[in-house]
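Try each one yourself before reading on.

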Amino acid sequence: MRSEIYLGLSFFSYLLATLFYVGLQLFKHNLIGIFATSITTLGFLSHTIGLILRTKEASHPPFTNMYESVVFFSWAIILIYLFIEHRFKSKIIGIFVLPIVLLAIGYASVLPGEYKEVRPIVPALQSFWLPIHVSTCFLSYACFAIAFCTSLIYLLKERFGFKRIPDTEFLDQITYRVVSFGFLLLTFGIITGAIWANYAWGRYWGWDPKETWSLVTWLIYVGYLHARFISGWRGKKTAWIAIIGFLISMFTFVGVNFLLSGLHSYV
Amino acid sequence: MKKIWGFFSSTRFALLLVILIISACIIGTFIPQRISSPEYIRIYGKDLYLWLNRIGFTDLYHSFWFITLLFLLFINLMICVVNKCFVLRKRKSLFLGGSILTHLSILIILLGGIISGIFGFREYLNINEGATKRISNIPCISIKVNSFNIEYYHGSRQVKDYKTTLTLIEEGKEVISKKVIRINHPLSYKGIKIYQSGYGKTNRVKNVTLKVHNGEKASVHTLKIGERFAIPNTDSVVRIAEFLPDFVMLRSRAISKSTKLNNPALRLEIYEDDRLKDSTWVFHKFPNWHSSKDSRYRFEFTGLELPFYTRLEIVKDPGAPIVFLGCGILIIGLCILLPTIRRRRIEK
């Protein structure tokens, strides 16, 4: 399938870009940084084309099975990453973000065939809410992934005091901004899920494992925001909450499907 | 007394509650909820099951202690919102307004949940095509299923859509007639909603299809059990004498082992001039099996059509609009709150 060629191409672009991002930190030459960003952007374009082709091949939005959703998730990470890199003019985060994306695409490509193949969409998923609910949820996971990376860098800086890493206050600020944006998206995603479930099944909440884990994820980030603004936690402690929050959101995304059964079995 | 009150309304108590609620939620996803007792016993053994049942872990999200935790959180949040309102009266701030809206929205959502739990109901009805059943929570209303249809993706057996055409009868009068419902498209009537929830096959046979080979020629016949047909261009008449869903031979007698369609079989009687010439079994799953002594004809049991039943879900949920009102306020509250907390930090 043609979509897989473009996704393969984006994988190699991200791999190459990772080397450039690492190289930039080693040799501190502007040109390397420009290359890193350009190659990531090219990979992102190819990734986008791949998703569009996949949508055409399947004739439905690309979030109806595990393969499609992981590919979309990694796309969302790059989208938000490129925005942040542009906005905050810092290329250090790329060293951590791109490997996560490589891991995600790698995972998607080694999934067994039954999780990958294009299948006609089951009646329960044929809804106007599908793209809204699913894309907001995955975008929120992508935000949490970025916050995970900035928190990791923060902790490394704290522990080893790398000089080249931007100051910790800056990292803490970025973490907060992506977490709060991700939190808003997750809230929106859970609410659209509730509206859809109410419309389709007559219940807005059913304690399905996916729902319950999304609530757990939501509560962890509620904890992050309160720790920061009520208890005045900063830096190291909140960085750890962001790391735990991301791991839990990944369990909500992937783990629930493999370990627990429920209504969300198709994604 | 004041100390106790202070503790119950504190952020620290809220944190404790949230940690307990998170733990309970996680436990509930690892223990299957609300499955049948035999299934629980198969998974956990009898002693552990009885113990889990006693502490409410088999229906954790509706257990007394879980609801108590939510109730305590509700009270805690309410005090928190009231306190914030007092502060807001003294000192106006956008941040505080957003914070109040956000916390108030959670209160509204929890309230909606309580109303759903107390005043709502939910039931499932499996209704055969053509049959009528009462809604057990509202006995004056019954549902008649006019027809049930499945649509497949072109050239495959994958289901694309399924729909039920139903008529609603209240106190003997038709109040809604022949309305079509399908997944994601329910029917509303007087605060109750009827959803297409699923479907299944009954094990009573509606029609069977038989292919008859007569030398080079073949003909296809679709009939009900007990009906008969003539093989074209011959004197022979075939009667579909008997149907067994799960054929086995027991002491040289054919019986059905269960009502499941494990081995559907038909007994055919072949008549010539109204005299029984032969009787033979044909099997749906073994088309090449022939027991007939009469070698002129070869019968193939090619199809069996079972009537479907439709599974409907009947729901009344007066709490839902309140929950969604809360959700709307939550989004507005967060949109005010999240940008202002950042500004508040920088002001400091």
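**Exercise 1.** How many helices and how many strands does chain A have?

*Solution.* Keep in mind that this is a predicted model. Go through the secondary structure of chain A and you get nine helices and zero strands. Written out along the sequence, that reads α-α-α-α-α-α-α-α-α.

**Exercise 2.** Work out how the radius of gyration of chain A compares with the globule rule.

*Solution.* Start with the C-alpha trace, which spans about 55 × 50 × 30 Å along its principal axes. Then check burial: 49% of the 267 residues of chain A count as buried. Finally, look at contacts between residues at least 6 apart in sequence: in chain A, 77% of them join residues at least 24 apart.

**Exercise 3.** Find which residues touch the most other members of the largest nonpolar core.

*Solution.* This core holds 88 residues, and the ones to pick out are A:Ile77, A:Val97, A:Ala142, A:Ala145 and A:Ile146. Helix H6 of chain A (residues 129–160) supplies the largest share of the core, 16 residues. Now zoom in on A:Ile77 and skip its neighbours within four places in sequence: its contacts are A:Val97, A:Ile100, A:Val101, A:Ala142, A:Ala145 and A:Ile146. There's also a second, separate core of 18 residues, which includes B:Ile143, B:Val145, B:Ile194 and B:Ile314.

Note on methods
Residues numbered from 1 in each chain as written. Chains lettered and ligands numbered in written order. Predicted model: local features only at pLDDT ≥ 70, side-chain atom pairs only at ≥ 80, totals over all residues. Core = buried A, V, L, I, M, F, W, Y, C linked by C-beta atoms within 7 Å. Buried ≥ 20, exposed ≤ 12 C-beta atoms within 10 Å, placed from the backbone. Helix = DSSP H or I, 4+ residues; strand = E, 2+ residues; numbered from the N terminus. Contact = placed C-beta atoms within 7 Å. Rg over C-alpha atoms; globule rule 2.2 N^0.38 Å.
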